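Visitor: I'd like to learn how to read charged side chains in a model. Can you take me through one?

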Amino acid sequence: MAAVVPKGEGAGLPFSLRIPEKLLARVDACAKRTGNSRTNAFLHLLRFALAQDEAEAAEAEQLEQQHKTKKSA
């Protein structure tokens, strides 16, 4: 099983939050399906969501720059 905090990411910090039971059930199902702990499932899902957000932000910035370039031409 993968480490909870991969090498190079520093020490893990305790974190607490309330989430809807149905969402937690989905995370638990993902953890079970992949053979990971709940914590690792949360980490993988959070990393994926952040990567998607960063990619979408970069794409939006690129489209905005293209739009500005077309306007000034």
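Visitor: Is Arg38 buried, partly exposed or exposed?

Guide: Before that, some ground rules: this is a predicted model, where local features need pLDDT of at least 70, side-chain atom pairs count only at pLDDT 80 or more, and totals for chains, interfaces and linings use all residues. Residues are numbered from 1 along each chain as its sequence is written, and side-chain values use heavy atoms, leaving out hydrogens and water. Now, buried means under 20% relative accessible area, exposed over 50%, and partly exposed in between (1.4 Å probe, protein chains only). Arg38 has a relative accessible area of 41%, so it is partly exposed.

Visitor: Which side chain does Arg38 meet in a salt bridge?

Guide: A salt bridge needs a side-chain nitrogen of Lys or Arg within 4 Å of a carboxyl oxygen of Asp or Glu. Here Arg38 pairs with Asp28, at 2.7 Å from N to O. That pair links distant parts of the chain, 10 residues apart: Asp28 sits in helix 1 (residues 21-34) and Arg38 in helix 2 (residues 38-72). Helices here are DSSP runs (H or I, at least four residues), numbered from the N terminus. Asp28 is partly exposed too, because its relative accessibility is 28%.

Visitor: How many salt bridges does the rule give?

Guide: Two. Glu64 and Lys68 form one of them, at 3.4 Å from N to O. Both lie in helix 2, four residues apart, or about one turn of the helix. Glu64 comes out at 40% relative accessibility, so it counts as partly exposed. Lys68, at 45%, is partly exposed as well.

Notes: Helix = DSSP H or I, 4+ residues; strand = E, 2+ residues; numbered from the N terminus.
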